[in-house]
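Please look over the sequence and the model shown below before reading on.

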Amino acid sequence: MHPAPSIILFTVLSGFGFGLISIVGLLQFLSQISAVNIIIFSLIGLIFSTVGLISSFFHLANKKNAIKSMSQWQTSWLSREAISSIFCLSIVVGNIGWVFIQNRYINEVGIVLFLLSLFTIFTTSMIYAQLKTVPSWNNILTPALFIFAALAGGSILLMDYASLVLLLIFGVLQVWFWYIADQSFMYKETTIGTALGFSKNENIRAFDFAHTNRNYLLNEMVYKVARKHAIKIRYISFFAAFVFPMSLTLIFPGNFSVSVFMLVFHLVGIYFSRWLFFAEAKHAVSFYYN
Amino acid sequence: MTKLPKCEDKKLGLLIDLDTCVGCHGCVVSCKEWNSSGSEKQLSDINSHQKDPVGTFLNRVHSYERENSCTNETETFYFPRSCLHCEDAPCVTVCPTGASYKREEDGIVLVNEDDCMGCGLCAWACPYGARELDLVSGVMKKCTLCIDRIYSEELPPEDRVPVCVKSCPTGARAFGDFNDPNSDVSKKVKERGGIDLMPEMQTKPVNKYLLPRIKSKDSVGSVGSVGEEETDATGLLGWVDRALSKF
(Lines give C-alpha, C1' and ligand atoms only; values in the text may rest on other atoms or scores of the structure.)
Protein backbone atom coordinates (compact mmCIF):
# COMPACT_ATOMS: atom_id res chain seq x y z
CA MET A 1 0.00 0.00 0.00
CA HIS A 2 1.10 3.55 -0.70
CA PRO A 3 2.68 5.04 2.45
CA ALA A 4 0.95 8.44 2.31
CA PRO A 5 2.66 10.93 4.68
CA SER A 6 -0.70 12.44 5.69
CA ILE A 7 -2.00 9.09 6.93
CA ILE A 8 1.26 8.07 8.59
CA LEU A 9 1.44 11.39 10.45
CA PHE A 10 -2.21 11.00 11.43
CA THR A 11 -1.75 7.56 12.98
CA VAL A 12 1.53 8.55 14.71
CA LEU A 13 0.46 11.94 16.09
CA SER A 14 -3.13 11.19 17.03
CA GLY A 15 -2.04 7.78 18.33
CA PHE A 16 0.42 9.45 20.69
CA GLY A 17 -2.09 12.21 21.55
CA PHE A 18 -4.83 9.78 22.52
CA GLY A 19 -2.27 7.57 24.28
CA LEU A 20 -1.21 10.54 26.43
CA ILE A 21 -4.84 11.45 27.12
CA SER A 22 -5.60 7.88 28.23
CA ILE A 23 -2.57 7.83 30.57
CA VAL A 24 -3.57 11.22 32.05
CA GLY A 25 -7.09 9.85 32.47
CA LEU A 26 -5.82 6.75 34.24
CA LEU A 27 -3.63 8.77 36.59
CA GLN A 28 -6.51 11.18 37.23
CA PHE A 29 -8.74 8.22 38.14
CA LEU A 30 -6.07 6.90 40.51
CA SER A 31 -5.37 10.40 41.94
CA GLN A 32 -1.72 10.05 40.95
CA ILE A 33 -1.39 13.38 39.14
CA SER A 34 -1.59 17.06 40.12
CA ALA A 35 -4.26 19.39 38.76
CA VAL A 36 -1.61 21.47 36.98
CA ASN A 37 -0.19 18.40 35.26
CA ILE A 38 -3.65 17.33 34.13
CA ILE A 39 -4.04 20.68 32.37
CA ILE A 40 -0.53 20.66 30.83
CA PHE A 41 -0.49 17.05 29.61
CA SER A 42 -4.12 17.04 28.49
CA LEU A 43 -3.32 20.11 26.39
CA ILE A 44 -0.30 18.37 24.85
CA GLY A 45 -2.44 15.32 24.08
CA LEU A 46 -5.17 17.54 22.67
CA ILE A 47 -2.71 19.36 20.38
CA PHE A 48 -1.13 16.15 19.07
CA SER A 49 -4.44 14.40 18.39
CA THR A 50 -5.91 17.49 16.74
CA VAL A 51 -2.85 17.96 14.50
CA GLY A 52 -3.11 14.26 13.60
CA LEU A 53 -6.77 14.57 12.72
CA ILE A 54 -6.11 17.68 10.62
CA SER A 55 -3.38 15.76 8.82
CA SER A 56 -5.83 12.96 7.97
CA PHE A 57 -8.20 15.63 6.66
CA PHE A 58 -5.58 16.55 4.05
CA HIS A 59 -5.70 13.00 2.75
CA LEU A 60 -9.28 13.51 1.57
CA ALA A 61 -9.80 14.24 -2.10
CA ASN A 62 -13.16 15.94 -1.54
CA LYS A 63 -12.79 17.77 1.79
CA LYS A 64 -16.15 19.56 1.73
CA ASN A 65 -17.97 16.32 2.54
CA ALA A 66 -15.76 15.45 5.54
CA ILE A 67 -18.49 16.32 8.04
CA LYS A 68 -20.67 13.56 6.55
CA SER A 69 -18.15 10.98 7.79
CA MET A 70 -19.88 11.09 11.20
CA SER A 71 -23.05 9.51 9.79
CA GLN A 72 -22.36 5.79 9.20
CA TRP A 73 -21.33 4.60 12.66
CA GLN A 74 -23.49 1.49 12.31
CA THR A 75 -21.19 -0.18 9.79
CA SER A 76 -18.09 1.95 9.23
CA TRP A 77 -15.03 1.97 11.50
CA LEU A 78 -13.84 5.20 9.93
CA SER A 79 -17.14 6.82 10.87
CA ARG A 80 -16.90 5.43 14.43
CA GLU A 81 -13.39 6.84 14.64
CA ALA A 82 -14.53 10.30 13.56
CA ILE A 83 -17.33 10.36 16.14
CA SER A 84 -15.31 8.84 18.93
CA SER A 85 -12.33 11.16 18.48
CA ILE A 86 -14.47 14.32 18.41
CA PHE A 87 -16.46 13.11 21.44
CA CYS A 88 -13.29 12.22 23.36
CA LEU A 89 -11.60 15.54 22.57
CA SER A 90 -14.70 17.48 23.67
CA ILE A 91 -14.56 15.77 27.06
CA VAL A 92 -10.83 16.54 27.27
CA VAL A 93 -11.57 20.23 26.67
CA GLY A 94 -14.36 20.11 29.28
CA ASN A 95 -12.07 18.38 31.77
CA ILE A 96 -9.28 20.94 31.25
CA GLY A 97 -11.80 23.77 31.72
CA TRP A 98 -13.22 22.23 34.90
CA VAL A 99 -9.80 21.61 36.45
CA PHE A 100 -8.64 25.11 35.45
CA ILE A 101 -11.65 26.84 37.03
CA GLN A 102 -12.17 24.61 40.09
CA ASN A 103 -8.50 23.73 40.69
CA ARG A 104 -9.52 20.15 41.53
CA TYR A 105 -10.62 17.20 39.48
CA ILE A 106 -13.29 14.51 39.34
CA ASN A 107 -11.70 11.04 39.38
CA GLU A 108 -14.53 9.40 37.45
CA VAL A 109 -13.96 11.68 34.46
CA GLY A 110 -10.48 10.17 34.33
CA ILE A 111 -11.68 6.62 33.76
CA VAL A 112 -14.12 7.84 31.09
CA LEU A 113 -11.27 9.57 29.27
CA PHE A 114 -9.04 6.51 29.66
CA LEU A 115 -11.60 4.17 28.09
CA LEU A 116 -12.81 6.59 25.44
CA SER A 117 -9.33 7.41 24.16
CA LEU A 118 -8.43 3.70 24.07
CA PHE A 119 -11.61 3.08 22.09
CA THR A 120 -10.64 5.87 19.68
CA ILE A 121 -7.22 4.27 19.06
CA PHE A 122 -8.99 0.94 18.60
CA THR A 123 -11.34 2.41 15.97
CA THR A 124 -8.33 3.86 14.11
CA SER A 125 -6.66 0.46 14.05
CA MET A 126 -9.87 -1.28 12.92
CA ILE A 127 -9.97 0.89 9.77
CA TYR A 128 -6.99 -1.22 8.68
CA ALA A 129 -7.62 -4.45 10.58
CA GLN A 130 -11.07 -4.90 8.98
CA LEU A 131 -9.66 -5.16 5.44
CA LYS A 132 -9.65 -8.77 4.22
CA THR A 133 -7.89 -7.51 1.12
CA VAL A 134 -4.70 -6.84 3.14
CA PRO A 135 -3.91 -10.01 5.14
CA SER A 136 -0.98 -8.52 7.05
CA TRP A 137 -3.40 -6.00 8.61
CA ASN A 138 -6.41 -8.31 8.89
CA ASN A 139 -5.60 -9.76 12.31
CA ILE A 140 -5.78 -8.97 16.03
CA LEU A 141 -2.17 -7.77 16.12
CA THR A 142 -3.04 -4.54 14.31
CA PRO A 143 -5.30 -3.17 17.07
CA ALA A 144 -2.97 -4.58 19.74
CA LEU A 145 0.04 -2.87 18.19
CA PHE A 146 -1.74 0.48 17.70
CA ILE A 147 -3.04 0.50 21.28
CA PHE A 148 0.23 -0.43 22.95
CA ALA A 149 2.29 1.90 20.75
CA ALA A 150 -0.02 4.72 21.86
CA LEU A 151 0.05 3.71 25.54
CA ALA A 152 3.83 3.28 25.54
CA GLY A 153 4.31 6.70 23.91
CA GLY A 154 1.81 8.33 26.25
CA SER A 155 3.41 6.84 29.34
CA ILE A 156 7.01 7.92 28.62
CA LEU A 157 6.51 11.43 30.05
CA LEU A 158 4.33 10.48 33.01
CA MET A 159 5.37 7.06 34.26
CA ASP A 160 8.61 5.29 35.17
CA TYR A 161 8.40 1.54 35.66
CA ALA A 162 4.90 1.20 34.26
CA SER A 163 6.26 2.81 31.11
CA LEU A 164 8.91 0.07 30.91
CA VAL A 165 6.21 -2.59 30.99
CA LEU A 166 4.17 -0.86 28.29
CA LEU A 167 7.27 -0.39 26.12
CA LEU A 168 8.15 -4.04 26.54
CA ILE A 169 4.66 -5.18 25.47
CA PHE A 170 4.87 -2.82 22.50
CA GLY A 171 8.28 -4.20 21.52
CA VAL A 172 7.08 -7.80 21.62
CA LEU A 173 3.94 -6.95 19.61
CA GLN A 174 6.00 -5.07 17.05
CA VAL A 175 8.31 -8.02 16.37
CA TRP A 176 5.34 -10.39 16.29
CA PHE A 177 3.52 -8.12 13.86
CA TRP A 178 6.52 -8.06 11.49
CA TYR A 179 6.75 -11.83 11.70
CA ILE A 180 3.08 -12.21 10.70
CA ALA A 181 3.33 -9.44 8.08
CA ASP A 182 6.14 -11.35 6.35
CA GLN A 183 3.75 -14.22 5.71
CA SER A 184 1.14 -11.91 4.13
CA PHE A 185 -0.67 -14.03 1.55
CA MET A 186 1.37 -17.15 2.23
CA TYR A 187 -1.37 -18.94 4.17
CA LYS A 188 -4.28 -17.29 2.36
CA GLU A 189 -6.16 -18.90 -0.46
CA THR A 190 -5.67 -15.96 -2.79
CA THR A 191 -3.33 -16.40 -5.76
CA ILE A 192 -3.37 -15.12 -9.32
CA GLY A 193 -5.31 -18.33 -10.04
CA THR A 194 -8.23 -17.57 -7.69
CA ALA A 195 -8.13 -13.89 -8.71
CA LEU A 196 -8.95 -14.99 -12.27
CA GLY A 197 -11.42 -17.73 -11.36
CA PHE A 198 -9.06 -20.69 -11.84
CA SER A 199 -7.81 -23.00 -9.13
CA LYS A 200 -5.17 -21.94 -6.63
CA ASN A 201 -2.12 -23.49 -8.27
CA GLU A 202 -2.53 -22.43 -11.90
CA ASN A 203 0.58 -21.26 -13.70
CA ILE A 204 -0.56 -17.88 -14.99
CA ARG A 205 1.33 -14.69 -15.76
CA ALA A 206 0.50 -11.37 -17.33
CA PHE A 207 1.98 -10.99 -20.80
CA ASP A 208 0.73 -7.48 -21.47
CA PHE A 209 -0.33 -4.56 -19.35
CA ALA A 210 -3.99 -3.55 -19.04
CA HIS A 211 -3.01 0.09 -19.55
CA THR A 212 0.00 1.90 -20.92
CA ASN A 213 0.78 3.97 -17.85
CA ARG A 214 0.33 3.80 -14.12
CA ASN A 215 -3.15 4.34 -12.68
CA TYR A 216 -4.86 5.01 -9.35
CA LEU A 217 -4.88 1.33 -8.40
CA LEU A 218 -1.16 0.91 -8.95
CA ASN A 219 -0.27 4.17 -7.20
CA GLU A 220 -2.49 3.44 -4.23
CA MET A 221 -2.34 -0.31 -3.75
CA VAL A 222 0.63 -1.83 -5.55
CA TYR A 223 3.53 -0.22 -3.72
CA LYS A 224 6.71 -2.25 -3.73
CA VAL A 225 9.42 -1.64 -1.18
CA ALA A 226 12.90 -3.07 -1.63
CA ARG A 227 13.29 -5.94 0.80
CA LYS A 228 16.82 -5.07 1.95
CA HIS A 229 15.79 -1.48 2.75
CA ALA A 230 12.72 -2.69 4.61
CA ILE A 231 14.91 -4.78 6.92
CA LYS A 232 17.18 -1.80 7.61
CA ILE A 233 14.19 0.43 8.34
CA ARG A 234 12.88 -2.22 10.74
CA TYR A 235 16.15 -2.03 12.68
CA ILE A 236 16.07 1.77 12.76
CA SER A 237 12.43 1.76 13.86
CA PHE A 238 12.93 -0.86 16.55
CA PHE A 239 15.99 0.87 17.96
CA ALA A 240 14.42 4.33 18.04
CA ALA A 241 10.96 3.33 19.24
CA PHE A 242 11.89 0.59 21.69
CA VAL A 243 15.56 -0.14 22.51
CA PHE A 244 16.63 3.47 23.03
CA PRO A 245 13.73 4.64 25.27
CA MET A 246 13.86 1.35 27.16
CA SER A 247 17.56 1.61 28.00
CA LEU A 248 17.41 5.32 28.87
CA THR A 249 14.49 4.69 31.26
CA LEU A 250 16.57 2.03 32.98
CA ILE A 251 19.63 4.30 33.22
CA PHE A 252 17.84 7.54 34.19
CA PRO A 253 14.58 6.58 35.88
CA GLY A 254 12.30 9.54 36.62
CA ASN A 255 14.39 12.15 34.79
CA PHE A 256 11.85 14.31 32.95
CA SER A 257 14.21 16.04 30.48
CA VAL A 258 15.63 12.65 29.47
CA SER A 259 12.10 11.35 28.93
CA VAL A 260 11.29 14.25 26.59
CA PHE A 261 14.39 13.32 24.60
CA MET A 262 13.30 9.67 24.61
CA LEU A 263 9.83 10.57 23.44
CA VAL A 264 11.20 12.33 20.35
CA PHE A 265 13.19 9.20 19.48
CA HIS A 266 10.20 6.98 20.21
CA LEU A 267 7.91 8.95 17.88
CA VAL A 268 10.50 8.91 15.08
CA GLY A 269 10.70 5.13 15.53
CA ILE A 270 6.91 4.84 15.41
CA TYR A 271 6.90 6.94 12.23
CA PHE A 272 9.22 4.42 10.56
CA SER A 273 7.14 1.55 11.93
CA ARG A 274 3.97 3.04 10.39
CA TRP A 275 5.76 3.72 7.10
CA LEU A 276 6.58 0.02 6.94
CA PHE A 277 3.04 -0.85 8.07
CA PHE A 278 1.78 0.66 4.81
CA ALA A 279 4.71 0.14 2.46
CA GLU A 280 5.07 -3.58 3.19
CA ALA A 281 1.35 -4.37 3.11
CA LYS A 282 0.33 -6.36 0.04
CA HIS A 283 -3.16 -5.82 -1.36
CA ALA A 284 -5.16 -8.54 -3.15
CA VAL A 285 -5.53 -6.39 -6.28
CA SER A 286 -1.77 -6.69 -6.88
CA PHE A 287 -2.38 -10.25 -8.12
CA TYR A 288 -4.02 -8.84 -11.26
CA TYR A 289 -0.77 -7.01 -11.98
CA ASN A 290 1.55 -9.99 -11.46
CA MET B 1 -27.16 3.83 4.28
CA THR B 2 -24.09 1.61 4.25
CA LYS B 3 -26.01 -1.35 5.70
CA LEU B 4 -26.32 -4.01 3.02
CA PRO B 5 -29.87 -4.77 1.84
CA LYS B 6 -31.17 -8.30 1.21
CA CYS B 7 -31.85 -7.90 -2.55
CA GLU B 8 -34.37 -10.72 -2.72
CA ASP B 9 -36.03 -9.39 -5.83
CA LYS B 10 -33.39 -8.97 -8.51
CA LYS B 11 -29.63 -9.40 -8.76
CA LEU B 12 -28.53 -7.63 -11.91
CA GLY B 13 -25.04 -8.28 -13.17
CA LEU B 14 -22.75 -9.31 -15.99
CA LEU B 15 -21.68 -12.69 -17.28
CA ILE B 16 -18.26 -12.49 -18.93
CA ASP B 17 -17.06 -15.29 -21.18
CA LEU B 18 -13.26 -15.52 -21.14
CA ASP B 19 -13.43 -18.19 -23.85
CA THR B 20 -14.88 -15.67 -26.28
CA CYS B 21 -13.20 -12.41 -25.27
CA VAL B 22 -10.50 -11.38 -27.76
CA GLY B 23 -9.10 -8.54 -25.66
CA CYS B 24 -10.02 -5.76 -28.09
CA HIS B 25 -10.68 -3.21 -25.28
CA GLY B 26 -13.90 -2.21 -27.04
CA CYS B 27 -15.83 -2.41 -23.77
CA VAL B 28 -13.21 -0.20 -22.08
CA VAL B 29 -13.48 2.49 -24.73
CA SER B 30 -17.28 2.45 -24.97
CA CYS B 31 -17.60 2.50 -21.17
CA LYS B 32 -15.34 5.52 -20.96
CA GLU B 33 -17.23 7.21 -23.77
CA TRP B 34 -20.72 6.59 -22.33
CA ASN B 35 -19.75 7.60 -18.82
CA SER B 36 -17.97 10.77 -19.92
CA SER B 37 -20.48 12.29 -22.28
CA GLY B 38 -23.79 13.98 -21.76
CA SER B 39 -23.39 14.57 -18.04
CA GLU B 40 -21.34 16.69 -15.66
CA LYS B 41 -20.01 13.57 -13.96
CA GLN B 42 -17.02 12.81 -16.15
CA LEU B 43 -14.35 10.18 -15.97
CA SER B 44 -11.39 12.52 -16.09
CA ASP B 45 -8.03 12.26 -17.79
CA ILE B 46 -4.86 14.10 -16.86
CA ASN B 47 -2.13 14.78 -19.48
CA SER B 48 -4.26 12.89 -21.98
CA HIS B 49 -2.17 14.04 -24.96
CA GLN B 50 1.16 14.45 -23.21
CA LYS B 51 3.74 12.39 -21.44
CA ASP B 52 2.47 10.19 -18.57
CA PRO B 53 -1.27 10.28 -19.17
CA VAL B 54 -3.48 8.94 -16.37
CA GLY B 55 -7.22 8.58 -16.34
CA THR B 56 -10.19 7.02 -14.60
CA PHE B 57 -11.75 3.90 -16.09
CA LEU B 58 -14.52 1.67 -14.79
CA ASN B 59 -13.38 -1.33 -16.76
CA ARG B 60 -9.90 -2.64 -17.60
CA VAL B 61 -8.88 -5.58 -19.79
CA HIS B 62 -5.85 -7.61 -18.72
CA SER B 63 -3.91 -10.11 -20.86
CA TYR B 64 -2.58 -13.33 -19.38
CA GLU B 65 -0.95 -16.51 -20.49
CA ARG B 66 -1.65 -19.79 -18.81
CA GLU B 67 0.18 -23.08 -19.00
CA ASN B 68 -2.08 -25.89 -20.16
CA SER B 69 -0.92 -28.84 -18.07
CA CYS B 70 -2.57 -31.24 -20.55
CA THR B 71 -0.75 -30.13 -23.69
CA ASN B 72 2.20 -28.24 -22.14
CA GLU B 73 1.36 -25.37 -24.44
CA THR B 74 0.92 -21.79 -23.31
CA GLU B 75 -2.52 -20.36 -23.97
CA THR B 76 -3.40 -16.68 -23.88
CA PHE B 77 -6.63 -15.25 -22.61
CA TYR B 78 -8.06 -11.83 -21.91
CA PHE B 79 -9.68 -10.77 -18.70
CA PRO B 80 -12.05 -7.78 -18.41
CA ARG B 81 -12.12 -6.52 -14.81
CA SER B 82 -14.90 -4.31 -13.41
CA CYS B 83 -17.23 -4.08 -10.41
CA LEU B 84 -18.87 -7.42 -9.57
CA HIS B 85 -21.77 -5.82 -7.62
CA CYS B 86 -21.08 -8.19 -4.70
CA GLU B 87 -23.86 -9.31 -2.38
CA ASP B 88 -21.56 -8.80 0.61
CA ALA B 89 -19.90 -5.70 -0.78
CA PRO B 90 -17.11 -4.68 1.63
CA CYS B 91 -16.78 -1.34 -0.19
CA VAL B 92 -20.25 -0.34 1.00
CA THR B 93 -19.95 -1.14 4.70
CA VAL B 94 -16.60 0.64 5.15
CA CYS B 95 -17.88 3.93 3.72
CA PRO B 96 -18.01 6.59 6.49
CA THR B 97 -20.21 9.11 4.69
CA GLY B 98 -22.96 6.88 3.31
CA ALA B 99 -21.97 7.71 -0.28
CA SER B 100 -21.49 4.02 -1.13
CA TYR B 101 -24.66 2.00 -1.22
CA LYS B 102 -26.24 -1.11 -2.67
CA ARG B 103 -29.69 -0.79 -4.16
CA GLU B 104 -32.29 -3.06 -2.61
CA GLU B 105 -34.41 -3.34 -5.77
CA ASP B 106 -31.71 -4.72 -8.11
CA GLY B 107 -28.48 -5.08 -6.11
CA ILE B 108 -26.52 -2.48 -8.09
CA VAL B 109 -23.66 -0.95 -6.05
CA LEU B 110 -23.40 2.80 -6.56
CA VAL B 111 -21.61 5.89 -5.25
CA ASN B 112 -23.57 9.03 -4.47
CA GLU B 113 -20.97 11.57 -5.55
CA ASP B 114 -22.63 14.37 -3.58
CA ASP B 115 -21.77 12.56 -0.33
CA CYS B 116 -18.34 11.10 -1.17
CA MET B 117 -15.38 12.71 0.62
CA GLY B 118 -12.72 10.90 -1.41
CA CYS B 119 -11.05 9.03 1.46
CA GLY B 120 -10.43 6.01 -0.78
CA LEU B 121 -11.20 3.40 1.89
CA CYS B 122 -13.77 1.63 -0.33
CA ALA B 123 -11.11 1.14 -3.01
CA TRP B 124 -8.88 -0.46 -0.35
CA ALA B 125 -11.72 -2.75 0.74
CA CYS B 126 -12.37 -4.04 -2.80
CA PRO B 127 -10.22 -7.08 -3.72
CA TYR B 128 -10.95 -6.63 -7.44
CA GLY B 129 -9.70 -3.09 -7.99
CA ALA B 130 -13.13 -2.09 -9.21
CA ARG B 131 -13.06 1.43 -7.79
CA GLU B 132 -10.88 4.29 -8.93
CA LEU B 133 -10.70 7.73 -7.34
CA ASP B 134 -11.19 10.44 -9.94
CA LEU B 135 -8.24 12.76 -9.52
CA VAL B 136 -10.02 15.81 -10.91
CA SER B 137 -13.42 15.66 -9.16
CA GLY B 138 -12.00 13.97 -6.03
CA VAL B 139 -14.80 11.41 -5.76
CA MET B 140 -14.84 7.65 -6.16
CA LYS B 141 -15.91 6.22 -9.52
CA LYS B 142 -17.20 2.74 -10.24
CA CYS B 143 -19.29 0.74 -12.68
CA THR B 144 -22.98 1.72 -12.44
CA LEU B 145 -24.09 -1.21 -14.62
CA CYS B 146 -25.17 1.66 -16.91
CA ILE B 147 -28.13 2.42 -14.70
CA ASP B 148 -28.86 5.37 -16.98
CA ARG B 149 -29.26 2.98 -19.94
CA ILE B 150 -30.96 -0.09 -18.50
CA TYR B 151 -33.86 1.91 -17.05
CA SER B 152 -33.91 4.58 -19.75
CA GLU B 153 -37.25 5.36 -21.33
CA GLU B 154 -35.75 7.34 -24.22
CA LEU B 155 -33.45 4.64 -25.56
CA PRO B 156 -34.93 1.96 -27.87
CA PRO B 157 -35.55 -1.30 -25.93
CA GLU B 158 -32.64 -3.14 -27.58
CA ASP B 159 -30.22 -0.50 -26.26
CA ARG B 160 -31.32 -0.86 -22.64
CA VAL B 161 -28.28 -2.91 -21.64
CA PRO B 162 -24.91 -1.79 -20.25
CA VAL B 163 -22.84 -0.20 -22.99
CA CYS B 164 -20.00 -2.73 -22.55
CA VAL B 165 -22.47 -5.52 -23.39
CA LYS B 166 -23.92 -3.60 -26.32
CA SER B 167 -20.51 -2.79 -27.80
CA CYS B 168 -18.78 -6.15 -27.38
CA PRO B 169 -18.08 -7.38 -30.94
CA THR B 170 -17.74 -11.04 -29.93
CA GLY B 171 -20.70 -11.29 -27.58
CA ALA B 172 -18.44 -12.17 -24.69
CA ARG B 173 -20.50 -10.09 -22.28
CA ALA B 174 -24.09 -10.73 -21.23
CA PHE B 175 -26.34 -8.77 -18.88
CA GLY B 176 -29.22 -10.13 -16.85
CA ASP B 177 -30.86 -11.06 -13.56
CA PHE B 178 -28.90 -13.77 -11.72
CA ASN B 179 -31.73 -14.21 -9.24
CA ASP B 180 -34.08 -15.44 -11.98
CA PRO B 181 -33.24 -19.10 -12.78
CA ASN B 182 -34.83 -18.72 -16.23
CA SER B 183 -32.79 -15.73 -17.35
CA ASP B 184 -30.23 -16.29 -20.12
CA VAL B 185 -27.33 -15.51 -17.82
CA SER B 186 -28.53 -17.95 -15.16
CA LYS B 187 -28.96 -20.70 -17.74
CA LYS B 188 -25.48 -20.13 -19.15
CA VAL B 189 -23.98 -20.11 -15.64
CA LYS B 190 -25.64 -23.46 -15.00
CA GLU B 191 -24.68 -24.94 -18.36
CA ARG B 192 -21.02 -23.87 -18.44
CA GLY B 193 -20.25 -23.45 -14.74
CA GLY B 194 -20.10 -19.76 -13.84
CA ILE B 195 -17.18 -18.88 -11.60
CA ASP B 196 -16.76 -16.39 -8.74
CA LEU B 197 -13.51 -14.43 -8.54
CA MET B 198 -11.62 -14.81 -5.24
CA PRO B 199 -14.44 -16.68 -3.47
CA GLU B 200 -12.20 -16.81 -0.38
CA MET B 201 -12.75 -13.08 0.12
CA GLN B 202 -16.39 -13.88 0.95
CA THR B 203 -17.77 -11.00 -1.08
CA LYS B 204 -20.31 -13.18 -2.97
CA PRO B 205 -19.93 -11.51 -6.36
CA VAL B 206 -23.06 -11.26 -8.53
CA ASN B 207 -21.07 -11.05 -11.77
CA LYS B 208 -19.89 -14.43 -12.97
CA TYR B 209 -17.09 -15.50 -15.31
CA LEU B 210 -16.97 -18.39 -17.77
CA LEU B 211 -13.45 -19.77 -18.04
CA PRO B 212 -11.68 -20.52 -21.32
CA ARG B 213 -12.47 -24.04 -22.51
CA ILE B 214 -9.55 -26.37 -21.93
CA LYS B 215 -7.96 -27.38 -25.24
CA SER B 216 -7.28 -31.09 -25.53
CA LYS B 217 -4.23 -32.83 -27.02
CA ASP B 218 -6.21 -33.83 -30.12
CA SER B 219 -7.20 -30.31 -31.08
CA VAL B 220 -3.61 -29.06 -30.73
CA GLY B 221 -2.32 -32.07 -32.68
CA SER B 222 -4.56 -31.45 -35.69
CA VAL B 223 -3.39 -27.83 -35.89
CA GLY B 224 0.23 -28.98 -35.96
CA SER B 225 -0.23 -31.31 -39.00
CA VAL B 226 -1.77 -28.86 -41.46
CA GLY B 227 -0.13 -28.44 -44.88
CA GLU B 228 2.68 -30.97 -44.65
CA GLU B 229 2.41 -33.77 -47.24
CA GLU B 230 -1.00 -33.96 -48.86
CA THR B 231 -2.82 -31.21 -50.67
CA ASP B 232 -6.28 -31.19 -52.11
CA ALA B 233 -5.83 -27.99 -54.13
CA THR B 234 -7.82 -27.71 -57.37
CA GLY B 235 -7.70 -25.42 -60.41
CA LEU B 236 -4.45 -23.62 -61.29
CA LEU B 237 -2.80 -24.45 -57.95
CA GLY B 238 -3.86 -28.07 -58.38
CA TRP B 239 -2.19 -28.19 -61.81
CA VAL B 240 1.00 -26.64 -60.37
CA ASP B 241 0.94 -29.17 -57.56
CA ARG B 242 0.48 -32.08 -59.90
CA ALA B 243 3.11 -30.75 -62.31
CA LEU B 244 5.70 -30.25 -59.57
CA SER B 245 4.92 -33.64 -58.05
CA LYS B 246 6.12 -35.33 -61.22
CA PHE B 247 9.73 -34.33 -60.64
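Which residue in β11(B) does Asp17(B) stand opposite? Asp17(B) faces Leu210(B) in that strand. This is a predicted model, in which local features need pLDDT of at least 70 and side-chain atom pairs count only at pLDDT 80 or more, while totals for chains, interfaces and linings use all residues. Residues are numbered from 1 along each chain as its sequence is written, and chains are lettered from A and ligands numbered from 1 in the order in which they are written.

**The sheet in chain B**

Strands and helices are DSSP runs, numbered from the N terminus (strands E, at least two residues; helices H or I, at least four). In chain B, 3 strands form an open sheet in the order β10-β1-β11 with mixed pairing, where two strands pair if DSSP finds at least two bridges between them. Its edge strands, β10 (173–177) and β11 (208–210) of chain B, each pair on one side only. Neighbouring strands of this sheet are turned by 25° against each other on average, direction ignored. Helix α6 (residues 184–192) of chain B lies across β1, β10 and β11 of chain B and runs at about 115° to β10(B); axes are lines fitted to C-alpha atoms, for helices over the stretch in contact, and angles run from 0 to 180 degrees between N-to-C directions.

| Strands | Bridges | Direction |
|---|---|---|
| β1(B) and β11(B) | 3 bridges | parallel |
| β1(A) and β4(B) | 4 bridges | antiparallel |

**Where the chains meet**

The second pairing links the chains, and in β4(B) the bridge partner of Ile204(A) is Arg66(B). Altogether 49 residues of chain A are in contact with 48 residues of chain B, contact being counted when C-beta atoms, placed from the backbone, lie within 7 Å. On the side of chain A that touches chain B, the largest share, 5 residues, comes from β1(A).

**A helix pair in chain A**

Helix α5 (residues 141–156) and helix α10 (residues 256–279) of chain A pack at an angle of about 160°, with their axes 9 Å apart. The helices α5(A) and α10(A) are therefore roughly antiparallel to each other, a term for angles over 145 degrees. Residues of α5(A), namely Ala149(A), Gly153(A) and Ile156(A), meet residues of α10(A), among them Ser259(A), Met262(A) and His266(A).

Conventions: Parallel < 35°, antiparallel > 145°, perpendicular 65-115°, else oblique. Contact = placed C-beta atoms within 7 Å.
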